[in-house]
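These are my notebook entries on one protein chain. I set down what I looked up, entry by entry.

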Amino acid sequence: MKYCSACGATVSLKIPENDERLRHVCDACGTIHYQNPKIIAGALPVFNDQVLLCRRAIEPRHGLWTLPAGFMENRETTEQAATREAHEEANARLQNLHLYTVISIPHVSQVYMLYRCELASTDFFPGVESLETRLFHEHEIPWQELAFASVHKTLECFFNDRKQGSFPVHNLAFLAKSPAE
């Protein structure tokens, strides 16, 4: 950040009074510009014993498989964001959303919030951000072609939990940079 969004003057990195972190502070008006993590909301859509995955048509990770997910927009709930992303990426309609994984990824300042849910119908098709959408049985999951470690971990949790017959909320953190995040 170089300029203040409040007045247009230059900003400097400094620790404001009563704070302990470096912040961008306006040299003219004193506005402190806080930078916070981005929330990625998404869905783990299930139909019978299959899960819906989307092959990415955009970077990062073009051509790899993922769950429908993306950055949360202002003025929406995480559930609304997950539902919107499923519609944008797979034209999928969801029902019975339950928070399933919360994954903190500090090195990229992101928090994933993924919802286990049901597909309302199998009438889905790729949106503009997807090359392909498809239902997968567990043994068909393209594990080596998954776009993100957060998706890989969410699917692992799901298939393990399904065997146990219980779906607790998983609160996880990826503290070191992995090749797929």
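This is a predicted model: local features need pLDDT of at least 70, side-chain atom pairs count only at pLDDT 80 or more; totals for chains, interfaces and linings use all residues.

**Entry 1: the whole chain**

Residues are numbered from 1 along each chain as its sequence is written, and side-chain values use heavy atoms, with hydrogens and water left out.

I then took the extent of the C-alpha trace, which spans about 60 × 35 × 30 Å along its principal axes. Of the 181 residues, 43% count as buried (buried is under 20% relative accessible area, exposed over 50%, partly exposed in between, with a 1.4 Å probe and protein chains only).

**Entry 2: helices and strands**

I found two helices and 11 strands in the protein chain (DSSP runs numbered from the N terminus: helices are H or I of at least four residues, strands E of at least two). From the N terminus on, I read their order as β-β-β-β-β-β-β-α-β-β-β-α-β.

**Entry 3: aromatic pairs**

How many aromatic pairs are there? Rings of Phe, Tyr and Trp (its six-membered ring) pair if their centres lie within 6.5 Å; planes under 30 degrees apart count as stacked, over 60 as edge-to-face and the rest as tilted. By this rule I count five aromatic pairs.

One of them joins tryptophan 65 and phenylalanine 136, edge-to-face, at 5.0 Å centre to centre and 85 degrees between the planes. Tryptophan 65 lies in strand β6 (residues 65-66) and phenylalanine 136 in strand β10 (residues 130-136), so this pair ties together parts 71 residues apart in sequence. Tryptophan 65 is buried at 2% relative accessibility, and phenylalanine 136 is buried at 2%.

I next checked phenylalanine 158 and phenylalanine 167: their ring centres are 5.6 Å apart and their planes at 25 degrees, so the pair is stacked. Buried or partly exposed, I asked of phenylalanine 167? Phenylalanine 167 is partly exposed at 28%, whereas phenylalanine 158 is buried at 3%.

**Entry 4: around phenylalanine 167**

I traced ring pairs that link Tyr100, Trp143, Phe158, Phe159 and Phe167 into a cluster. The charged end of arginine 116 sits over the ring of phenylalanine 167, 4.1 Å from its centre (NZ of Lys or CZ of Arg must be within 6 Å of the ring centre and within 35 degrees of the ring normal).
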